Amino acid sequence: MEVGRKLFGDDFQQLNLKLAIVGGGKVCKAFLELLQKIPKLPEITMEILGVSDPDPDAEGLRFAEKLGIFTTSTFTDLFAIPNLDGFVELANDETVLLEITRQRHPDLWVVGHDLAKVIIWFIRMHGQSRAREQEVSLM
């Protein structure tokens, strides 16, 4: 696994994120759907490389499988994904968050559930702003 790879392009204009999601429930599914629907952010690319949830019937886990994303019942399996930058903890479980943080390689970062909700809000607002811009340009 290449850890600590370069996140930013040479011009520091582009952030390329390769992420794994821990917690494959409803919030995970909504996040994955949002990433599919909204216009791409020009400054950020986000690629979801894996999703874990102990419940094989979790909505987000099943949706990730349909998208061809690696899925697993054990979050520690996500550590083996090559070129991973970090984790998005969507289980909303402080114990899970602490375990990810404790077991991860120090160069891999972790975004907790609360910050993930802020990121999801930002992505939604970006999508709505882009839609409004397109409406105005069509007038």
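Q: Hi! How many bridges join β1 to β4, and which way do the two run?
A: There are 4 bridges between β1 and β4, and the strands run parallel. Strands are DSSP runs of E with at least two residues, helices are runs of H or I with at least four, both numbered from the N terminus, and two strands pair if DSSP finds at least two bridges between them. A word on the source: this is a predicted model, in which local features need pLDDT of at least 70 and side-chain atom pairs count only at pLDDT 80 or more, while totals for chains, interfaces and linings use all residues. Residues are numbered from 1 along each chain as its sequence is written, and side-chain values use heavy atoms, with hydrogens and water left out.

Q: Thanks! What is the strand order in the sheet?
A: The order is β3-β2-β1-β4-β5, an open sheet of 5 strands with parallel pairing. At the edges stand β3 (70-72) and β5 (109-111); each has a single partner strand, so one side of each is left without a neighbour in the sheet. From one strand to the next, the twist averages 30 degrees.

Q: And how many bridges does β1 have with β2?
A: Strand β1 (residues 15-22) pairs with strand β2 (residues 44-52) over 8 bridges, in the parallel sense. Leu19 stands opposite Ile48 in β2, and Ile21 stands opposite Val51. Towards β4, Ile21 has Val88 as its bridge partner.

Q: Which helices pack on that sheet?
A: Helix α1 (residues 26-37) touches β1 and β2, and its direction makes about 145 degrees with that of β2. Helix α3 (residues 94-103) touches β1, β4 (86-89) and β5, at about 175 degrees to the direction of β4. Contact here means heavy atoms within 4.5 Å; axes are lines fitted to C-alpha atoms, for helices over the stretch in contact, with angles from 0 to 180 degrees between N-to-C directions.

Q: How many residues of β1 are buried, then?
A: 6 of the 8 residues in β1 are buried, so the strand is mostly covered. Buried means under 20% relative accessible area, exposed over 50% and partly exposed in between, with a 1.4 Å probe and protein chains only.

Q: Switching to Ser52: buried or exposed?
A: Ser52 has 3% relative accessibility, so it counts as buried. Ser52 lies in strand β2. Leaving out residues up to four places away in sequence, its contacts include Ile21, Gly23, Leu61, Thr72 and Phe75.

Q: Why does Phe87 count as buried?
A: Its relative accessibility is 0%, so Phe87 counts as buried. For Phe79 the value is 15%, so Phe79 counts as buried.

Q: Last one: how do α1 and α2 pack?
A: α1 and helix α2 (residues 59-66) pack at about 35 degrees, with axes 6 Å apart. Among the residues in the contact are Lys29 and Leu32 of α1 and Phe63 and Ala64 of α2. The charged end of Lys29 sits over the ring of Phe63, 5.9 Å from its centre; that takes NZ of Lys or CZ of Arg within 6 Å of the ring centre and within 35 degrees of the ring normal.
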